[in-house]
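Here is a briefing on one protein chain. Look at the sequence and the model first, then read the points below.

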Amino acid sequence: MATQNLDLEEQEQLATLKGWWHDNGNFVLSLVAAVSLGIAAWQAWNWYQRNHALQASALYESLARGVRAGDAKSVRDASGALAESYPRTLYAAMGALINARFLADRGEAKNAKAQLEWVIERANSPDFRELARLRLAALLLDEKAYDAALKQLEAKPAEAYAAQFDAARGDVLLAKGLAGEAKAAYRDALAKAGSGNDALRASLQLRLDALGG
């Protein structure tokens, strides 16, 4: 009799399960499929990201080798490929900065400026954008394009670069013949230069001394 009752209970549970599955089975299968697809997509995305970074890294290494060898074609090709295929990676921004220095050293200021402008407009890293602005301002100063250089230095930089921006602004103002404004910029730079910037502080003090303190 107990066995019969147990069988009845099992049959009732089975019937209940079948009813639940009839009502919810499609939803459960869809949910399992969605989770499986999500896991597969996440794994595929991680693989893509790793592969993407490895390819960008290989191009950056090729660019660096080209710079060391003085191979302009290798540098141009690697830098172009980074900018075109991997523009959102740090490697692209680093490559453009290195290429800009390489071009400037070879007297190709126009192309160097184009590389720096690309970094300012496209780089994800604020640090690289700040460095590009400083370097571009220096190139414009060399060309005596004083107003254009000052325009690059108008943007408020991150605190870590504030002293360098003020120092660069002082250099441009001094070149324009505005000694008083240059002195004020140098003083601002000196006030913002941290204790770890001994070389910058010494350089600023020399510039101030030359202007009468």
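Gln152 touches Ile120, Arg133, Leu136, Ala137, Leu140 and Phe165, leaving aside residues up to four places away in sequence. Touching, or contact, means heavy atoms within 4.5 Å. This is a predicted model: local features need pLDDT of at least 70, side-chain atom pairs count only at pLDDT 80 or more, and totals for chains, interfaces and linings use all residues. Residues are numbered from 1 along each chain as its sequence is written, and side-chain values use heavy atoms, with hydrogens and water left out.

**Gln152**
- Gln152 sits in helix α6. Helices are DSSP runs of H or I with at least four residues, strands are runs of E with at least two, and both are numbered from the N terminus.
- Gln152 counts as buried because its relative accessibility is 17%. Buried means under 20% relative accessible area, exposed over 50%, and partly exposed in between, with a 1.4 Å probe and protein chains only.
- Gln152 and Arg169 lie 17 residues apart in sequence. Their C-alpha atoms are 9.4 Å apart in space.

**Whole protein**
- The protein has 9 helices and 0 strands.
- Along the sequence the pattern reads α-α-α-α-α-α-α-α-α.
- Of the 213 residues, 31% count as buried.
- Take the contacts between residues at least 6 apart in sequence: 47% of them join residues at least 24 apart.

**Helix α3**
- Helix α3 covers residues 90-105, which is 16 residues. Its first and last C-alpha atoms are 23 Å apart, close to the 22 Å expected at 1.5 Å a residue. The expected span is 1.5 Å times one less than the number of residues.
- The buried residues of α3 are Ala92, Ala93, Gly95, Ala96, Leu97, Asn99, Ala100, Phe102 and Leu103.
- Gly107 follows α3 and has a positive phi, near 85°.

**Helix α7**
- Helix α7 (residues 159-175) has 17 residues, so at 1.5 Å a residue it should span 24 Å. Its end C-alpha atoms are 25 Å apart, which agrees.
- Buried in α7 are Tyr161, Ala162, Ala163, Phe165, Asp166, Ala167, Ala168, Gly170, Val172 and Leu173.
- Those buried residues pack against α5 (126-142), α6 (146-152), α8 (179-192) and α9 (198-210).
- Gly177 follows α7, with a positive phi near 90°.

**α7 with α9**
- The axes of α7 and α9 come within 12 Å and cross at roughly 25°. Axes are lines fitted to C-alpha atoms, for helices over the stretch in contact, and angles run from 0 to 180 degrees between N-to-C directions.
- α7 and α9 are therefore roughly parallel. Angles under 35 degrees count as roughly parallel, over 145 as roughly antiparallel, 65 to 115 as roughly perpendicular, and the rest as oblique.
- α7 passes α9 in a left-handed crossing. Left-handed means the near helix is turned anticlockwise from the far one by less than a right angle; clockwise is right-handed.
- Ala163, Gln164, Ala167 and Asp171 of α7 meet Leu200, Leu204 and Arg207 of α9.

**α8 with α9**
- α8 and α9 pack at about 155°, with axes 10 Å apart. That makes α8 roughly antiparallel to α9.
- α8 also passes α9 in a left-handed crossing.
- On α8, the contact uses Lys183, Tyr186, Arg187, Ala189 and Leu190. On α9, it uses Arg201, Leu204, Gln205, Arg207 and Leu208.
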